[in-house]
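Dear colleague,

I am handing over the structure below, and my notes on what was found in it follow. Please read them with the structure open beside you.

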Amino acid sequence: QVQLVESGGGMVQAGGSLGLSCVASGSIFRIDSMGWYRQAPGKQRELVAVIPSSRNTRYADSVKGRFTISRDDGKNTVYLQMNNLKPEDTAVYYCNVAGVRTILPTDFDAWGRGTQVTVSS
């Protein structure tokens, strides 16, 4: 089984910055894609940013130029640096990691429990 532990998040005023991190552990052979999603109250979960092994990152239009996703393969960790935060960024942020395990079934697609980000105006 693959476990994800998220950290960071919290409360910040508009225009401020926060950083999130997510560490994957368990029977991991290879990590392919790492990403962040978010879900605001009453809304569907949406993609924030994703970084595959190719490092060809992809961002939601709403966060382009403000958020930066990065990964450290040696630490099985993905980061999300969020700058110039806006009240509409308020949501629960979830980490997602997909790859290959060392045990059967080999493919995995794991989700973190989520961390709250609240931006006040």
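The side chains of R66 and D89 meet in a salt bridge with an N to O distance of 2.7 Å, where a salt bridge is a side-chain nitrogen of Lys or Arg within 4 Å of a carboxyl oxygen of Asp or Glu. R66 lies in the loop between strand 6 (58-59) and strand 7 (67-72), and D89 in the loop between strand 8 and strand 9, so this pair ties together parts that are 23 residues apart in sequence. Both R66 and D89 are buried, and salt bridges that share partners join R38, E46, R66 and D89 into one network. (Buried means under 20% relative accessible area, exposed over 50% and partly exposed in between, with a 1.4 Å probe and protein chains only.) The whole structure holds seven salt bridges, among them one between D61 and K64 at 3.1 Å from N to O, in which D61 is exposed, with a relative accessible area of 64%.

Please keep in mind that this is a predicted model, in which local features need pLDDT of at least 70 and side-chain atom pairs count only at pLDDT 80 or more, while totals for chains, interfaces and linings use all residues. Residues are numbered from 1 along each chain as its sequence is written, and side-chain values use heavy atoms, with hydrogens and water left out.

As for the fold, the chain has zero helices and 11 strands, both taken as DSSP runs numbered from the N terminus (helices H or I, at least four residues; strands E, at least two).

One disulfide was found in a search of the whole structure, a disulfide being a pair of cysteine sulfur atoms within 2.5 Å.

Leaving aside neighbours within four places in sequence, M82 is in contact (heavy atoms within 4.5 Å) with residues including L18, R66 and Y93.
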